[in-house]
Amino acid sequence: MRLLQAFIAIADAGSFSKAAERLFLSQPALSQNVKQLEAHFKTSLIHRDARKFQLTKAGAALYRHALQVTAAAAAMEEEMQSLQSDCEQMVSVGATSVIGGYAVPCSIFIFKQKYPEAAIKLKLGNRRQILEELRSDLIDIGIVEGAQPDAAFQADEIHAEEMLVVAPNQKPWQKPQLSIKELLTAPLIMREEGSATRWAVEQVFRQAGIDFGRLNIVLELNSVDSIKAAVEAGHGISILPRIAVKKELYNKALCSLQIESLTIRQHIYVVYKSKAHRPVTARFIKLMKSAANGFC
């Protein structure tokens, strides 16, 4: 490539001396470059005439191809540098459905306001999927709820989300509190077994001495939006994170109740591997750990 660039400069300048000035090289060095090309192609490229500079037929052909090759090489370098820059600014985040659907987009918006050049890719899944993808380096950061992840990861608690009993905004549910007895007989719509939301409820009930098997579970769904729609339609009540029902509570489509003498909180963690991170990844982790403006 260096030899081709030198040959183009000589052809454009029309002389070795002018090209040498432009390239800040000596004429003998440029002459040696041309000899190397001629040796490679086994043909003369420039007529050796002291009175007039002229490319041979082979030289003209080489000049034409050299322009295309060097232009393509420059475009390649530019694109590869751009892709490298894009990669350096990319953060892949995995989050469980409730957190990823209702909280993380807000955190990403805050981050983008401060670092507009960053590109955040958000992937939703269940807790097991997110941790497995983090383990396999398919994502940079995981945001999950439930039990603290195992020692293979660095896990920092960033929030403790209150969980509420949510019910249709109508009688007999329009009251501040629900007794344990009422809870055991009420038609209950729950997340599927194995979900982090259900795990949090089961843990608190177990600690309070409440047999989960005594609950009147009438429906199990794997989507928070489906649960909210079923509750709003009057098919039962549910226990969901406050963050997932803020809009419905504000619009009065649903009402919330506290369980008598029982508080349910869901612990949320930002999870990552203990290794050197790209600056953009480290900044996003720092934001999520910030009490002031990280987790929305």
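Which residues do ring pairs link into a cluster? They are Phe111, Tyr115 and Phe284, and you'll meet them in the first close-up of this predicted model.

**View 1. A cluster of rings built from Phe111, Tyr115 and Phe284.**
Searching the whole structure turns up 4 aromatic pairs. In one of them, Phe111 and Phe284 sit edge-to-face, with 5.1 Å from centre to centre and 80° between the planes. Phe111 has a relative accessibility of 1%, so it counts as buried. Phe284 comes in at 0%, so it counts as buried too.

**View 2. Phe205 and Phe212, a tilted pair.**
Here the ring centres are 6.0 Å apart and the planes make an angle of 50°. Buried or exposed, what are Phe205 and Phe212? Both are buried.

**View 3. Arg198 and the residues around it.**
Look for Arg198 in helix H9, which covers residues 196-207. With a relative accessible area of 6%, Arg198 is buried, because anything under 20% gets that label. What does Arg198 touch, once its neighbours within four places in sequence are set aside? Its contacts are Met190, Arg191, Glu192, Glu193, Phe212, Ile217 and Glu220.

**View 4. Helix H2 meets helix H3.**
Helix H2 takes in residues 16-23, and its axis comes within 9 Å of the H3 axis, crossing at roughly 105°. That's why H2 is described as roughly perpendicular to H3. On the H2 side, Phe16, Ser17, Ala19, Ala20 and Leu23 make the contact, meeting Gln27, Leu30, Ser31 and Val34 on the H3 side. Sort these residues by class and you get 6 nonpolar, 3 polar and no charged ones.

**View 5. Ser31, and how far it lies from Arg214.**
Ser31 is part of helix H3 (residues 27-41). Its relative accessible area is 24%, so Ser31 is partly exposed. From Ser31 to Arg214 the distance is 93 Å, C-alpha to C-alpha, and they are 183 residues apart in sequence.

Methods: Residues are numbered from 1 along each chain as its sequence is written. This is a predicted model: local features need pLDDT of at least 70, side-chain atom pairs count only at pLDDT 80 or more; totals for chains, interfaces and linings use all residues. Side-chain values use heavy atoms; hydrogens and water are left out. Helices (H or I, at least four residues) and strands (E, at least two) are DSSP runs, numbered from the N terminus. Buried means under 20% relative accessible area, exposed over 50%, partly exposed in between (1.4 Å probe, protein chains only). Contact means heavy atoms within 4.5 Å. Axes are lines fitted to C-alpha atoms, for helices over the stretch in contact, and angles run from 0 to 180 degrees between N-to-C directions. Angles under 35 degrees count as roughly parallel, over 145 as roughly antiparallel, 65 to 115 as roughly perpendicular and the rest as oblique. Ala, Val, Leu, Ile, Met, Phe, Trp, Tyr, Cys and Pro count as nonpolar, Asp, Glu, Lys and Arg as charged, and the others, Gly among them, as polar. Rings of Phe, Tyr and Trp (its six-membered ring) pair if their centres lie within 6.5 Å; planes under 30 degrees apart count as stacked, over 60 as edge-to-face and the rest as tilted.
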